[in-house]
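Please look through this structure with the notes below beside you, and check each point against the picture as you go.

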Amino acid sequence: MSTAATPPDGDAGPRHGPLRGIAGAVLRSTQGRVVLGLLVAWLVYQGWLSAAAPGKIVGEFPADRERLAVLVTLPFPPERFHVLVFQRFGRVSGTDGNTVEVRGVPRTELVRLVRPYWVSRVEPLKQP
């Protein structure tokens with residue numbers, strides 16, 4: 001007879017949760033590693049967009065206004081797609097070269113406005 005303790009019947013040792021089994025299957029699979037790598041790359045890219053956004057805001061915006069008039073500069077002439085994106089934030093009142101005038105942008109949405117990689121900078125629109 002053995003003096004070593006033996007686990008009771010049906011218990012072969014420490015149990016692992018279902019997530020550990022799924023994670024192991026994903027990491028053993030080439031497709032799983034590719035999908036996991038793409039997910040990590042997408043998360044890093046989204047983090048970079050969020051970190052870079054506040055640095056694109058240039059100039060002093062009026063502190064007493066909740067809605068702002070801004071001048072959005074792109075590295076290229078804006079197309080219809082870009083104007084439609086900016087219309088989600090306010091009223092597009094015109095374009096000039098590589099810039100788009102957007103009025104009525106909520107102050108709370110300013111960082112979301114500059115988040116796309118194709119926005120170079122945002123500054124207050126000079127009112128006459």
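1. I begin with Arg121, which counts as partly exposed at 32% relative accessibility. Its side chain meets that of Glu123 in a salt bridge, with 3.0 Å from N to O, and Glu123 is buried, its relative accessible area being 16%. Please keep in mind that the model is a predicted one.

2. How many salt bridges does the structure hold? There are three, and another of them joins the side chains of Arg112 and Glu109 at 2.5 Å, N to O. Arg112 counts as exposed, with 52% relative accessibility, whereas Glu109 is partly exposed at 22%. Glu101 and Arg103 also form a salt bridge, their closest N and O atoms lying 3.6 Å apart; Glu101 is partly exposed with a relative accessible area of 24%, and Arg103 is partly exposed with 27%.

3. For the overall layout, the chain has four helices and four strands, which follow one another from the N terminus in the order α-α-β-α-β-β-α-β. Of the 128 residues in the chain, 29% are buried, and carbon and sulfur atoms account for 60% of an accessible surface of about 9,300 Å².

Terms used:
Residues numbered from 1 in each chain as written. Predicted model: local features only at pLDDT ≥ 70, side-chain atom pairs only at ≥ 80, totals over all residues. Heavy atoms only, no water. Helix = DSSP H or I, 4+ residues; strand = E, 2+ residues; numbered from the N terminus. Buried < 20%, exposed > 50% of the residue type's maximum accessible area, 1.4 Å probe, protein only. Areas by Shrake-Rupley, 256 points an atom, 1.4 Å probe, with all protein chains shown as cover. Salt bridge = Lys/Arg side-chain N within 4 Å of Asp/Glu carboxyl O.
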